[in-house]
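Good morning, and thank you for joining.

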Amino acid sequence: MAESSIGGVVPMVKGEVMSSSVVRNDEEQEGVGTGTKWDLDRELLCPICMQIIKDAFLTACGHSFCYMCIVTHLHNKSDCPCCSHYLTTSQLYPNFLLDKLLKKTSARQISKTASPVEQFRHSLEQGCEVSIKELDTLLSMLSEKKRKLEQEEAERNMQILLDFLQMLRKQKVDGLNEVQNDLQYIKEDINLVERHRIDLYRARDRYSMKLRMLADDPIGKKPWSSSTDRNFGGLFSTSRNASGGLPTGNLTYKKVDGKAQISSPGPQRKDNSISEMNSQHMSQSGLAVVRKKRVNAQFNDLQECYLQKRRLLANKLCVKEEKDSDVVQREGYSAGLADFQSVLSTFTRYSRLRVIAELRHGDLFHSANIVSSIEFDRDDELFATAGVSRRIKVFDFSSVVNEPADVHCPVVEMSTRSKLSCLSWNKYTKNHIASSDYDGIVTVWDVNTRQSVMEYEEHEKRAWSVDFSCTEPSMLVSGSDDCKVKVWCTKQEASVLNIDMKANICCVKYNPGSSVHIAVGSADHHIHYYDLRNTSQPIHIFSGHRKTVSYVKFLSNNELASASTDSTLRLWDVKENLPVCTLRGHTNEKNFVGLSLNNEFLSCGSETNEVFVYHKAISKPVTWHRFGSPDVDEVDEDAGSYFISAVCWKSDSPTMLAANSQGTIKVLVLAA
């Protein structure tokens, strides 16, 4: 057994020796034998520490060790570590020959690996004799070498400085050119606005003159007979009627104290009309001041919006000019200015959210009142609510707004087996609504019969989102915690398409202009945009959110909005696959707080129990409204834990619905 075990080790050792001899083949050519060199190297190692021997001492039995190694060993045992011969400290002797050999070996190693400077320094330390003339020559060479190195270093430093200054100059020149271009845009737009403003002032003066003519000379000439009157008669008539002016056909003439005056059968008189006009002018002036304050408060965001639109349109104009030399440059500037003016007017038009109705979603038999979803139907006549109370309630919107009541009763109520997460009305069939629940069941309901039309139970975990297609009324899509997106058809009992993903699905949405494109938000912080004709991989993955994407909604066929628990809303261009902007101001770190879009505006909830409204071109909120108890004296200890759980705009209207986790639903309208 001993021989066989040794035989297993020996080939490895031989291999090591052979490899060592191969490595040292160049040393054999120098006249040093491989075996001799190997033996010499072994002799230079201390058997105890296996390092090069330091302060070599020889034992009586003929073995050499480091002095500290052998002394330490003899303190514990009185024998030789190599041959186990009896040994004491009195039997240790300095090995001068080995020390000398070690110094020579060290010198050879330094000569092989050290730089010339280190070799020279080592030679001097070893006592090498150098004449004064040789030292002078060396010092001169070193001085020249030093000056050369300093020169090269200075050149490198100057080149780095030059590169930096050139880069800085280029950056500043580019910035200056950009500022000059911006100033040119602003100058031309100011001239354009001034000309338009003068035209408006002249038109206003003409209208004011006509008002005075009607007031001072009601029976002489027909006010609409002149050619000038014909040109502006329609606008003037509309303006007067809108502002409460007197109709021309009912004017009578009489004298009071020798002076002519105008009277009419109605209760309004000339001085009342003038007073009304003055009060209207004052209110308009006050409104203008308020709107200016809003502009100043959001000046930086508005400035960025203006410059972005102007530069973009100017670039497009330049590209168009290259193709068509007849393009008038002024038209591009007018279009750019009109685009920004639309943003500015819509942004400054509203300053608050006004409550016009309120109702409670909870009932006596269910303590859980969180409203997970609110949706208007196709015609904005009905709205449905759903949540953890396991009930879908459908309300008549006009009744809620116009009929004051402490408790508004739903016109339809449907019970479900599980808590509900999302609702989606069919865009064509008015009485069909789809729901998704915590058991993963997707259900299509008939509101008229209060019965389910179809039930799909393929999801293995909670389904968070469901959405009907806007262009194909029989198609709907759902997403679930089972990491699957499923496409359904109301004419089939099973899913028609399945997309497997790597993370939980929190939201799905059809593109309103297509039945084959969907956006999917998931827990991987990304939005996946799919073409259902090829689901092997998404068309594009939009990245930017730092946490779970909780909602995706489309502003238009090319504009997508997303909400995340990183407390941001983001806008994306799905046509160019580019990020557009990021909106911040609300707080959302763990809950579903709702997201709804309406033309220029976006609304979402906040975990501070507030509803926030954003303009899509401005990163900060336009306004917000806080839910609170109408009774100031009744302070709820849990008020800080309430959050907005669902929001929904009424189509093409400044009116919206919002609900919170307490079950309170408010009808809010944007107001000046």
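Predicted model: local features only at pLDDT ≥ 70, side-chain atom pairs only at ≥ 80, totals over all residues.

Residues are numbered from 1 along each chain as its sequence is written, and side-chain values use heavy atoms, with hydrogens and water left out.

The protein chain holds 12 helices and 33 strands; these are DSSP runs, helices being H or I with at least four residues and strands E with at least two, numbered from the N terminus. Of its 672 residues, 37% are buried, that is, under 20% relative accessible area with a 1.4 Å probe, protein chains only. Among contacts (heavy atoms within 4.5 Å) with a separation of 6 or more, 48% join residues 24 or more positions apart.

Let us turn to the sheet. Four strands form an open sheet in the order β27-β28-β29-β30, with antiparallel pairing; two strands pair if DSSP finds at least two bridges between them. β27 (595-598) and β30 (621-626) are at the edges with a single partner strand each, so one side of each has no neighbour in the sheet. Within it, β27 and β28 (residues 601-605) pair in the antiparallel sense over 4 bridges. Leu-597 has Leu-602 in β28 as its bridge partner.

Finally, the unreviewed UniProt entry places the feature "domain: RING-type" at residues 46-84; such annotations may be inferred rather than shown by experiment. The span 46-84 is 26% helix and 18% strand, and its end C-alpha atoms lie 16 Å apart.

Terms used: Buried < 20%, exposed > 50% of the residue type's maximum accessible area, 1.4 Å probe, protein only.
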